[in-house]
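Colleague: I have a few minutes before class. Can you show me the model and take some questions?

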Amino acid sequence: MIQLKDVSYVRLGSPDLEQAEHFATACLGLQVAGRGGKALYLRSDERAHTLCYSEGDPRDQTVGFEVEDEASLQDAAATLESLGHPVHAGTAQEAEQRKVKAFIGFRDPTGNHIELVVRAERSGRRYFASRDAGITGFSHIGLNSTDPARDERFWTQVCNARVSDRIGEIPLMRVNAIHHTIALVRAPQSGIQHINHQVDSNDDVLRSYYFLNERRVPIVFGPGRHPTSGARFLYFKGPDGMIFEYSVGVDEVEDEATHRPRQFGFEPTSFCMWGSKPAGMTLPNK
Amino acid sequence: MSRPAANQSTPLITSVCYVRHAVSEPQACARFVSDIFGLQQVAGHDDELAFRSDDRFRTVSLSRDQRDGTSIGIEVWDDAALQVIGERLRAQDFAVRPGSPDECRRRYVQSALLADDGSGNRIDLVTRPTRSGRRYFPPRDAGIVQFQGVGLRSTDHVRDLTFWRLLGAEVTDWVGDIAYLSIDHLHHRIALYPSRRNGLLYAAFEVEALDQIMQNSYFMQDNQERIVQGPGRQSASHQVFLHVEGPDGLILSYVNGMAEIGDKPRPARQFPLNATSLCNWGSESKDVPELGAPASSNRSNA
């Protein structure tokens, strides 16, 4: 079984790095870690980078997960190949671009680009935000799925993900104590549905709501509260239509052995207990 | 007569206990207060419509009586304290008279001194406001815990401050000339807002948590009710608020999370009169001048 430790980074193609940088710093509030080779590296926490924009097609979207060590990486490659997932062994240059020691790339059953990495770089300097959004770190992703039941099996049986809760048939899955690291979202094609950064407090969620509104950043859902994870959230749209989320107060699953996934009905109150409704953002379709 | 020695350590006043409000259309307003805002309507005296928000017998009443239908109830410790207050207010030339038995009955209190502050706001200083044996049962799940306090419009804030200080209230913080007044462990129960006219600015009701502030915010939006400010958070008191306007300009507020003042005395802090002091999340007042900052002092230069 492939033991995912945590989500590590997201790589996004973009035709306009300047616009991406403006949004990432002036709106989202990330720190520029570096620019080079037609790429923009952004920090959100103690890691050297957690988001990378590279010049290219915005449909090029990749999510990286950390595994324990290089032996685990080799085992994972063998497992994936035996299941019929072609595996790309990252070259030294590609690894350098990702600020990792080694990595492999493959596609999940929906076709999402996934990378498994070892020894992702940490930074000696602490994270220093470009605006006071209160970001404490990159935390999870929403991942498109053309068949949530099939993809749930992939993430929970081939990998070590566990289902924390379900809304309709949509699983929210964890790879560590945090309620979810991967939220599957039913969609007609592969892709990253949203990128979550945790913030420090309720105040940060509400402040950003007013701040982003004033800057005419489209708020697509929230401010709200997920009854599943307990998190207070705000979803908004960035460059190339990518949706970003701030949230605070994601529950941790306290007892791994006894936790049973709860089933929530597929209805608006299962996504927001405060009563906010998505606007310009599709919820997973039934 | 001075207060008995045994009472020296007790405060003169202990709570803001009711709001009586005169409106032109009490029935329309009652619909807002109960169906929309979520207070429990109960039987009232005469033409008054009465509401509960907690274990008190009444905390809001509405009537058409512009002359005697408007006042703020302040609970006084006991009759000895009431006497001290009466002497202090008279010595400073504030209008004070004892409430008649009928006036006390209409206010559900044992005894009362009916006073005017410097702006002409009617303040009822009352003893033994009636409590109810039955628990509060609201018409909808707005999460209201209790009546918390009031914002008052002030046309003469120097004289009004004198009035409230004579009752033992203390200014905990200033935003411009807006004064937050504390009468117990909380940062404030009464806030005085400089204004061109007198009257009630808002009556505030504590809800359980931020969840209820936000749920009520979406409830108001869904029902096309007028949110005049919020959801927001006061910088000085940390209180989260949502101000909602009903008929006749009546503003009722949901609040949560007000700071306690703590044991250590400190001087009142001065905040500038700008949008960030009034709401550090960034909400702005819509058309209620007392709740807003002058346009020239916005967030960006805070």
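Modeller: Here we go through the chains, their contacts and a few single residues.

Colleague: Before anything else, what kind of model is this?

Modeller: It is a predicted model.

Colleague: Fine. How many helices and strands does chain A have?

Modeller: Chain A has six helices and 17 strands. Its C-alpha atoms fill a box of roughly 50 × 45 × 35 Å along the principal axes.

Colleague: What percentage of chain A is buried?

Modeller: Buried residues make up 48% of the 286 residues in chain A. Also, if you take the contacts in chain A between residues at least 6 apart in sequence, 63% of them join residues at least 24 apart.

Colleague: Now the other chain. Which domains is chain B divided into?

Modeller: Chain B has domain 1, residues 11-127, and domain 2, residues 144-301. The centres of these two domains of chain B, taken over C-alpha atoms, are separated by 20 Å.

Colleague: How many residues are in contact between them?

Modeller: In chain B, 34 residues of domain 1 are in contact with 35 residues of domain 2. On the domain 1 side, the elements that give two or more residues are strand 1 (13-22), helix 1 (26-37) and helix 2 (79-91) of chain B. Helix 1 of chain B gives the largest share, six residues.

Colleague: What classes of residue are on that domain 1 side?

Modeller: The side of domain 1 of chain B that touches domain 2 has 18 nonpolar, eleven polar and five charged residues.

Colleague: And between the chains, how many residues are in contact?

Modeller: Twelve residues of chain B are in contact with eleven residues of chain A. On the chain B side, helix 5 (210-222) and strand 14 (226-233) are the elements that give two or more residues.

Colleague: New topic. Which residues of helix 4 of chain B are buried?

Modeller: The buried residues of helix 4, which covers 157-166 of chain B, are D160(B), F163(B) and W164(B). Seen down the axis of helix 4 of chain B, they fall within an arc of 90°, so they line one face of the helix.

Colleague: Why can residues a few places apart point the same way?

Modeller: An α-helix has 3.6 residues a turn, so residues three or four places apart point the same way.

Colleague: What covers the buried residues of helix 4 of chain B?

Modeller: The cover includes strand 9 (144-154), strand 11 (178-182) and strand 12 (190-194) of chain B. Just after helix 4 of chain B, G168(B) takes a positive phi of about 100°.

Colleague: Is R106(B) buried or exposed?

Modeller: R106(B) is buried, because 21 other C-beta atoms lie within 10 Å, and the cut-off for buried is 20 or more. R106(B) sits in helix 3 (residues 101-107) of chain B.

Colleague: Last one. Which residues have the most contacts inside the largest nonpolar core?

Modeller: They are I85(B), L125(B) and V150(B), in a core of 157 residues. Strand 13 (residues 199-207) of chain B gives the most to this core, with seven residues. Leaving aside neighbours within four places in sequence, I85(B) is in contact with L12(B), V76(B), L113(B), L125(B) and L167(B).

Notes:
Residues numbered from 1 in each chain as written. Chains lettered and ligands numbered in written order. Predicted model: local features only at pLDDT ≥ 70, side-chain atom pairs only at ≥ 80, totals over all residues. Contact = placed C-beta atoms within 7 Å. Helix = DSSP H or I, 4+ residues; strand = E, 2+ residues; numbered from the N terminus. Buried ≥ 20, exposed ≤ 12 C-beta atoms within 10 Å, placed from the backbone. Arc of directions from axis to C-beta. Domains from an automatic or database assignment. Nonpolar A, V, L, I, M, F, W, Y, C, P; charged D, E, K, R; others polar. Core = buried A, V, L, I, M, F, W, Y, C linked by C-beta atoms within 7 Å.
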